[in-house]
Amino acid sequence: MTLVAGIDSSTQSCKIVVCDADDGRVVREARAPHPDGTEVHPRAWWAALSEASSGLLDGVAAIAVAGQQHGMVTVDEGGAVVREALLWNDTRSAGAADDLIAELGGPQAWAEAVDNVPGVSLTVAKLRWFAEHEPETAARTTGVMLPHDWLTWRLAGGRSAPTTDRGDASGTGYWSPSTGEYRPDLLERAFGRGLDTPRVAAPGEAVGHTPTGAVIAPGTGDNMGAALGLGLGGGDAVLSVGTSGTVFAVSETPVRDASGTVCGFADATGRYLPLAATLNAARVLTATAELLGTDLAGLDALALSAVPGAGGLVMLPYLDGERTPALPTAAGSLHGMRRRNMDPANVARAAVEGMLCGLADGLAALTDRGVPVRRILLVGGGARSEAVRRVAATVLEVPVVVPEPAEYVALGAARQAAWALASTAAPPEWKPGGPEVAVGADPAPQVRERYTEVRRAVHGA
């Protein structure tokens, strides 16, 4: 049996799966936590990877990393990290994003340049913030990488020039999915001068070897890894309820959205991956559970005991600001409170409904821009919740199925590793294991309509 490994270096943890290269069957796996926060030194990712991989990678012939998107890893001329990495969920660059949009002539100009409009998460905005607020440290910086780029480089022992892939590069704001090229002028606009950037490897290319001789594949971003792990096809869209919430689909053509709601990303295979994201997803559920003095299982039971619509209670779940809609300084809020509906069950239900209504708006943005969606694959830690499943089927208005729980980001990385090992034109045909569970919808008492009314009344967006 030929073994390959896939690494999911996410915001919260490092997860590794070792698979049979022929069929994708998982033979062993492990994980290790990452520190919390919106800026983390990359050595913490390497420490977690080392802990999780201890004794796990024996006999592995190829390996790849799928990592959290957008994070800013800055290095000096010797390759040393010059500051903690700013992660995708660090919102201090909101003003920098606004400035960059205005300087280039508005959102349409950015959409035409790189298929994306700079938002608080994109690397290009973080580089502007860094240059403006930490000029002495920025002066020592000669190169910029993404989290998966840095880990891939470390896996090769730091012996060769860094590489990236088109999927993760498409989330920087200075690489164009449509042209397949960097825009150094936009990078210079953000940082004030040029920086070294990783070479963009071809899909399925072998980019190096580990010190033990395993082939290293290019890796990719976490959403692109999930699409590869799920074997996403035409008409499928993924709704992932993790630390962030994402909804994305594979497209044969690039998508440009001057509103910035849909990110015009590339995928890991040569196609495109239009995506809408929210900052607030599974952590809305954990925070609400803590507020109510229960755990996630208790929150699930409470939400299911309430009637759909939460008795008129509406939560705008912007606990960490928000990316979609673009409200980086917003706070969460509860609306429609009456004595008759102020109970734990309705608060729990409102949290689930509010979180998913935000993602439903993202799905609508995809379909409004011509991306066909015939069914939703509901994944991520939040998909384990029966309340999340039922509410998703209620508010999304397309069939919802739940694939068998698995580490799909890590599986996608492993599938890419098998692709690089085989040197074939296309990735191997792996079938996700286990049955998909179809979800039935509750009667919908204008849940999304009420959420939209409240959002517009409070934020005008």
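**Entry 1: Thr172**

Buried means under 20% relative accessible area, exposed over 50% and partly exposed in between, with a 1.4 Å probe and protein chains only. The model is predicted: local features need pLDDT of at least 70, side-chain atom pairs count only at pLDDT 80 or more, and totals for chains, interfaces and linings use all residues. Residues are numbered from 1 along each chain as its sequence is written, and side-chain values use heavy atoms, with hydrogens and water left out.

Thr172 lies in the loop between helix 7 (166-169) and strand 10 (175-176). Helices (H or I, at least four residues) and strands (E, at least two) are DSSP runs, numbered from the N terminus. I then checked contacts, meaning heavy atoms within 4.5 Å. Leaving aside neighbours within four places in sequence, Thr172 touches Leu122, Thr123, Val124 and Leu146. Thr123 is 49 residues from Thr172 in sequence, but their C-alpha atoms are 4.7 Å apart.

**Entry 2: Thr141**

Thr141 sits in the loop between helix 5 (135-139) and strand 8 (143-145). I noted it as buried, at 0% relative accessibility. Beyond the neighbours within four places in sequence, Thr141 is in contact with Thr74, Val75, Val82, Phe130, Phe191, Arg193 and Leu195.

**Entry 3: strand 5**

I went on to strand 5 (residues 60-67), where seven of the eight residues are buried, so the strand is largely enclosed by the rest of the structure. Two strands pair if DSSP finds at least two bridges between them. Strand 5 pairs with strand 1 (residues 3-9) in the parallel sense, over seven bridges; there Ala66 is the bridge partner of Asp8. Strand 14 (residues 215-216) runs parallel to strand 5 and is joined to it by two bridges, with Ile63 opposite Ile216. Strand 15 (residues 220-221) is also parallel to strand 5, again with two bridges, and here Gly67 has Gly221 as its partner.

I traced an open sheet of seven strands in the order 18-19-17-16-22-23-24, with mixed pairing. Strand 18 (263-266) and strand 24 (437-438) are its edges, each pairing on one side only. Strand 18 meets strand 19 (residues 272-278) in the antiparallel sense over four bridges, and Phe265 is partnered by Leu273.

**Entry 4: helices 10 and 12**

Helix 10 (residues 282-291) and helix 12 (residues 344-368) pack at an angle of about 170°, their axes 9 Å apart. Axes are lines fitted to C-alpha atoms, for helices over the stretch in contact, and angles run from 0 to 180 degrees between N-to-C directions. The two helices are therefore roughly antiparallel, a label for angles over 145 degrees. Helix 10 contributes Val284, Leu285 and Thr288 to the contact, and helix 12 contributes Val347, Ala348, Ala351, Val352 and Met355.

**Entry 5: the cores**

Last, I looked up the nonpolar cores, each a set of buried Ala, Val, Leu, Ile, Met, Phe, Trp, Tyr and Cys residues joined through side-chain atoms within 4.5 Å. The largest has 47 residues, of which Val241, Leu356, Leu378 and Leu396 touch the most other members. Helix 12 supplies the largest share of this core, ten residues. Neighbours within four places aside, Leu356 is in contact with Leu239, Val241, Val388, Val391, Ala392 and Val395. A second, separate core of 37 residues includes Cys19, Ala62, Leu377 and Ala420.

How values were computed. Angles under 35 degrees count as roughly parallel, over 145 as roughly antiparallel, 65 to 115 as roughly perpendicular and the rest as oblique.
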